[in-house]
Amino acid sequence: MRPLHTKFSRIKSIHKKSSRKESSDKISTQWKSSQRKFFCKKSFNMKVYLSLLRIRMINGLQYRAAALGSVINRFCWGFMEILAFSAIHQSGGNFSMTFSQTVSYIWIQQAFLRMYNVIDGDDEIEAAINDGSIAYELTRPMNLYGNWFTRCMANRLSPTLLNCLPVLILVMVIPEPWRLHFPGLMTTVLFLISTVLALGVVGTIAMLMHITMFYTTSQRGTKIIGRAVTSFFAGGLIPLPYFPEAFQRLVNLLPFAATQSTPLLIYSGSLTGQDAVFAMGLQVLWLAVLGTFGYYVMDRTLKRVVVQGG
């Protein structure tokens with residue numbers, strides 16, 4: 001039989017181990033709780049994203065000389081497009097858009113072109129992926145998808161604010177039949193709502209384009225293909241009503257039409273009533289689907305990211 005003090009020493013040792021384990025479990029629980037709170041703040045603190053949006057827009061509003069050149073470019077390009085469609089209408093034929101509606105479509109497209117642009121404008125995001133500075137982005141107390149999505153919207157809003165009003169003022173003073181016509185109040189409200197939804201869809205598609213750059217050595221090919229596909233199927237080159245009806249029914253269901261064609265057709269008067277509401281419903285659907293899918297793919301991609309160098 002062991003001495004009594006040995007038993008007491010063993011009991012004391014067991015008690016210390018159990019208390020140490022309880023303390024460790026308590027610390028672990030507290031750490032997990034704090035980590036959970038941190039990631040909740042990291043993901044859902046909208047004040048951070050609104051501040052980032054404001055900062056990025058202020059930064060983009062500084063380039064006034066570039067904005068002046070862009071205004072002249074947009075006006076000249078839009079006027080050449082209108083002359084081309086004028087020749088098409090004068091040659092005869094039945095079109096689902098009148099010439100006046102086409103003129104409104106083109107001028108509003110030129111005024112909001114930077115907002116509807118899916119590909120260009122996010123050079124710093126592309127550089128962060130290529131040079132490895134994404135490592136700094138991951139250390140910030142913000143969700144990376146939300147951070148980049150906010151930047152995508154700010155990179156499109158700031159140049160649009162600089163270009164939009166000058167272009168609209170110019171096209172209001174030119175003579176008929178090339179002048180922009182303003183729609184009624186209800187159509188204007190639907191157009192503004194559709195434009196906000198289009199901006200969201202543009203941001204989600206742009207995010208998917210950026211995510212693909214994690215798997216390629218160069219983004220040039222992705223941008224070339226993306227620019228061609230989005231411009232064609234969104235009505236950026238030719239308004240979708242000029243295509244055959246079977247083609248229109250198919251393309252209108254794709255997310256590309258939700259980025260540009262829907263708000264422009266609503267403004268021009270080609271899309272009214274239940275058709276306009278249905279098209280805006282598709283915008284909401286694609287915004288939710290592409291946003292959720294992009295967030296999931298980004299989360300899976302970041303788990304496999306390896307940054308070399310330092």
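Visitor: What makes the span of helix α12 close to the expected one?

Guide: Helix α12 covers residues 273-302, and its 30 residues reach 44 Å from first C-alpha to last, close to the 44 Å expected at 1.5 Å a residue. The expected span is 1.5 Å times one less than the number of residues. Keep in mind that this is a predicted model, where local features need pLDDT of at least 70, side-chain atom pairs count only at pLDDT 80 or more, and totals for chains, interfaces and linings use all residues. Residues are numbered from 1 along each chain as its sequence is written, and side-chain values use heavy atoms, without hydrogens and water.

Visitor: Why is Q109 called buried?

Guide: Buried means under 20% relative accessible area, with exposed over 50% and partly exposed in between (1.4 Å probe, protein chains only). Q109 has 1% relative accessibility, so Q109 counts as buried. This residue is found in helix α4, residues 99-111.

Visitor: Which residues is Q109 in contact with, leaving aside its neighbours within four places in sequence?

Guide: They are E81, G235, G236, Q260 and L264. Contact here means heavy atoms within 4.5 Å.

Visitor: And what do the buried residues of α12 pack against?

Guide: They pack against α7 (144-173), α8 (185-212) and α11 (261-268). Among the buried residues of α12 are A276, M280, L290 and G294.

Visitor: How many helices and strands does the protein have?

Guide: It has 12 helices and zero strands. Both are DSSP runs numbered from the N terminus: helices are H or I with at least four residues, strands E with at least two.
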